[in-house]
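Reader: I've got a new model open and I'd like to learn to read it feature by feature. Can you walk me through it?

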Amino acid sequence: MPAWMEKIKDRLTEKEDLKSLFIELLPDNRVSTVMVVSYVLTDKDSFPVFMDLVARIAMDQKTVPDNLLLHFEGIPAKDIPFTSELPVKDSEKALRFIVSHGGITENNSVPLRKAAYLRACQKELTAENFQALDHSSGYKRFVAYEDAMEKVAAGKQAKQFYTIVETEQGIRVFNDGLSGTRKFRDYLQSTADNFYSGSLQDVESLNIYRIETVSRRMLELSNGNQTSMPQAAMEILANYKPSVTFDMHPTGENLDRFITANALELSARNWNIMTLQDIADRGYAHLPADESFAYKKDFLPVEKSIREIIRQKDLRRDYPFQQKMDELQTAAKSLAGTLLNRDGVRKDYQRTIQSVGVSKDTIQVQAAVKLHNKPESPRNNEKKKVKTKNASPKKQAKPKL
């Protein structure tokens, strides 16, 4: 058993009043904050609570300082030189205490910036997560930003990187701070969520730049919500090529690349639209049955007709299976196109459906197309009753893709 564990065991045996001591130490070795709690050998929560508290306070400030969070366990209460928030005049006592109890080591210290970064990422403050940050490019960017901001606060010039997003709607600037990183991710997720909506009607491409500059104007832009830049800033951007460019035309392939490259979430609405686009391109028969598809009830006539065509093929050797199936798939593509138009998908997604002869086997599907051709607000989850008895193939609505 290690010597320090022996000491704690002996102290417990003697029934001393033992404490756990947590300290926030500034870079100039002044003590900023302390917390003292009763020592329990199995206590795994008190120090994470202290780290979370100090991190939240730091995140509310303009910068996150390069402070250290220290913990000392099993300390006799009589040996602790303070028991509440530490006055500045007692900092020397604190430093003598730290030195006399083993100093600062990897085992008893955690950088405040690591705690703040993990908290911002909504990750647990565990030893494994702290260690993983040593290999995190995002964390290294954050530290570089905080170091630069300390210089700026001291009235010095400091180079720092910015992420700039350019679309036909304007330009946005994001810094590498916790707030800037969160705003950048929120912007990308919002763009993905609205990928098919009219709010991006004029957006054809999205360019992402990474530039390094001492420009204070860039810093001001990154702290605001501006979508335009002054001429001088535009000239800076003209000297760079995009790190990555995304095609923003509303196709499933483009959305999939945008979401995958940026590790974003795919909304249920967008998944349903991507599925409709796939049906409009290739038809319905190749799709597996999926109850989560919001338009599944709209395609029930298609599924019923497919089953009937397959049954007829098994009953009749001379049944024109391929012709019937082609006609049915054309009707399914038309229905998908009608639903895409009805539910407000951006209009520059266009597919041309060739008109073909209509057979009796596709009357039900055509009736569904006619029904959904009427303009209405999107109601993907609403139950619909499809009437097919009086449908006429001559009144089939042509797709407006």
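Reader: Let's begin with a pair of residues: which residue in β3 is the bridge partner of Ile-23?

Author: Strands of a sheet pair through backbone hydrogen bonds, either parallel or antiparallel. Here the partner of Ile-23 in β3 is Leu-70. Before we go on, this is a predicted model, where local features need pLDDT of at least 70 and side-chain atom pairs count only at pLDDT 80 or more, while totals for chains, interfaces and linings use all residues. Residues are numbered from 1 along each chain as its sequence is written, and side-chain values use heavy atoms, with hydrogens and water left out.

Reader: Over how many bridges do β1 and β3 pair?

Author: Strand β1 (residues 18–25) and strand β3 (residues 68–76) are joined by 7 bridges, in the antiparallel sense. Two strands pair if DSSP finds at least two bridges between them. Helices (H or I, at least four residues) and strands (E, at least two) are DSSP runs, numbered from the N terminus.

Reader: And in what order do the strands of that sheet come?

Author: Read it as β2-β1-β3-β4: 4 strands in an open sheet, with antiparallel pairing. β2 (31–38) and β4 (109–111) are the edge strands, each with a single partner, so one side of each has no neighbour in the sheet. From one strand to the next, the twist averages 20 degrees; angles run from 0 to 180 degrees between N-to-C directions, and axes are lines fitted to C-alpha atoms, for helices over the stretch in contact.

Reader: Which strands does helix α4 lie across?

Author: Helix α4 (residues 112–120) lies across β1, β3 and β4, and runs at about 60 degrees to β4.

Reader: Let me zoom in on Lys-19. Is Lys-19 buried or exposed?

Author: Lys-19 lies in strand β1 and is buried, with a relative accessible area of 18%. The cut-offs: buried means under 20% relative accessible area, exposed over 50%, and partly exposed in between (1.4 Å probe, protein chains only). Leaving aside neighbours within four places in sequence, Lys-19 is in contact (heavy atoms within 4.5 Å) with residues including Val-36, Tyr-39, Phe-72, Glu-73 and Ile-80.

Reader: What about Gly-102: buried or exposed?

Author: Gly-102 is exposed, at 55% relative accessible area. You'll find Gly-102 in the loop between α3 (91–100) and β4. The C-alpha atoms of Gly-102 and Phe-72 are 9.3 Å apart, though 30 residues separate the two along the chain.

Reader: Now a helix. Which residues of α2 are buried?

Author: An α-helix has 3.6 residues a turn, so residues three or four places apart point the same way. In α2 the buried ones are Ser-46, Phe-47, Phe-50, Met-51, Val-54, Ala-55 and Ala-58. They cover an arc of only 165 degrees around the axis, which puts them on the same side of α2; the arc is that of the directions from the helix axis to the C-beta atoms. These buried residues pack against β1, β2, β3, β4, α4 and α5 (127–132).

Reader: How far does α2 reach from its first C-alpha to its last?

Author: Helix α2 (residues 46–59) has 14 residues and reaches 20 Å, close to the 20 Å expected at 1.5 Å a residue. That expected span is 1.5 Å times one less than the number of residues.

Reader: Which strand is joined to β5 by 7 bridges?

Author: Strand β7 (residues 205–213), which runs antiparallel to β5 (residues 160–167). Along that pairing, Phe-161 stands opposite Glu-212 and Ile-164 opposite Tyr-209.

Reader: Last one: at what angle do α11 and α13 pack?

Author: Two packed helices are described by the angle between their axes and the distance between the axes. For α11 (residues 268–282) and α13 (residues 321–342), that's about 145 degrees and 7 Å. The contact includes Ile-273 and Leu-276 of α11, and Ala-332 and Ala-336 of α13.
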